[in-house]
Amino acid sequence: MEVVIIVNEQAGHGRAKKQCEKIMKELTVPVTLERTAYTGHAAEIVEKYVVDKRKILFIAIGGDGTMHEVVEGTHAHSHAIVGMVKGGSGNDFSRAYSTFKNAQQIEQFLLRHEVVPMDLGKLIKGTKQSLFINNGGFGFDALVTYRTNQSKLKKLLNRFSLGKVAYAWIVFQELIRFTPFDLTINNEKTYASCYFVVVSNQPYFGGGMKISPQSKADDHLLELTIVYNIAKWKLLLIFGTVFFGKHTRFKAVQQMQATSFDVTIHGEVYGHVDGEFIDKTVYGETIHYEIMPHEWQLAVNTLD
């Protein structure tokens, strides 16, 4: 089996680069190394290889964005297998999926070839389609994600592994000026004064918050979470419980499960997939979500 390592050397303020260098020194099998240079490059690299239809293992070294792009390039190609070595700052993917930590684990996989088919989420907004391995949402969470990714403070604190401090500060700052919006689910029920809606394929988002505790990446279902009709100071309390998955006890949190959702947003709010900004909504716009069962192949670390 051919092995291609795709590394985002900037991820985790250089942690991904160090991880890659260590693994490359320790591997005893032939490997092709590819370095990403810009957003979307990992998907382009993958597409260059999958056209030959040969069995191939892609190892993404970086954060959720790198993994997102690699899966995006391999989905619907059953001959392409994806593994990950975490090296980013958020690393939500590694909290829910099997990942590799060293060269020994990668080489063990090459001997055993243990693969699990995984689902993929799809978000359709107007004429644009976005795929997600973790989650996709609109509202306050997407706004905070956007501001955090642009934040110089986060980049500074990441050097000392304190990126969550920047995230917490931006949450507080943006909450003060955020205007809640109404939304309608499946043209049936409207929820007033919403802060965000997020559809999940696995439990985690925002760097470790367990937003959707019941989500599983291979059960052919999506889980939708809404936070609505709550005072801003109470919302801060909820954020503190999300890291433990205890927020679902609050009346202001509603969750539902299905294979698809249509979400009409009565407001102009930010959107994201897998922690990356995608677009802002137009007032009254309907967003369609659906699950794509067993759309990509995950390499399993049997030594974990």
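## Helices and the model

Helices here are DSSP runs of H or I with at least four residues, numbered from the N terminus. The structure itself is a predicted model.

## Confidence

The protein chain has an average pLDDT of 90. In that chain, 94% of the residues score at least 70. Confidence is highest in strand β14, residues 260-266, at a mean of 98. It is lowest in helix α7, residues 152-158, where the mean is 57. Where pLDDT is low, the predicted coordinates should not be read in detail.

## The cavity

How many cavities of 30 Å³ or more are there? The count is one. The largest cavity has a volume of about 50 Å³.

Its lining is made of Phe196, Phe205, Met209, Ile211, Val227, Leu235, Ile238, Phe239 and Val242. Which helix gives the most to this lining? Helix α9, residues 232-242, does, with four residues. By class, the lining has nine nonpolar residues, no polar ones and no charged ones.

## Aromatic rings

A pair of aromatic rings is described by the distance of the centres and the angle of the planes. The model has 13 aromatic pairs. Take phenylalanine 196 and phenylalanine 205: their ring centres are 6.3 Å apart and their planes meet at 45°, so the pair is tilted. The cut-offs explain the label, because stacked planes are under 30 degrees apart and edge-to-face planes over 60.

Phenylalanine 196 and phenylalanine 205 are both buried. Both also belong to the lining of the largest cavity. Elsewhere in the list of aromatics, Phe93, Tyr97 and Trp296 form one cluster.

Terms used. Residues numbered from 1 in each chain as written. Predicted model: local features only at pLDDT ≥ 70, side-chain atom pairs only at ≥ 80, totals over all residues. Heavy atoms only, no water. pLDDT = per-residue confidence, 0-100. Helix = DSSP H or I, 4+ residues; strand = E, 2+ residues; numbered from the N terminus. 1 Å grid on protein atoms, 1.4 Å probe; cavity = no way out; pocket = protein on both sides within 12 Å on 5 of 7 lines; lining within 4 Å. Points joined across faces, edges and corners; volume = space filled by probe spheres on them. Nonpolar A, V, L, I, M, F, W, Y, C, P; charged D, E, K, R; others polar. Phe/Tyr/Trp six-rings, centres within 6.5 Å; stacked < 30°, edge-to-face > 60°. Buried < 20%, exposed > 50% of the residue type's maximum accessible area, 1.4 Å probe, protein only.
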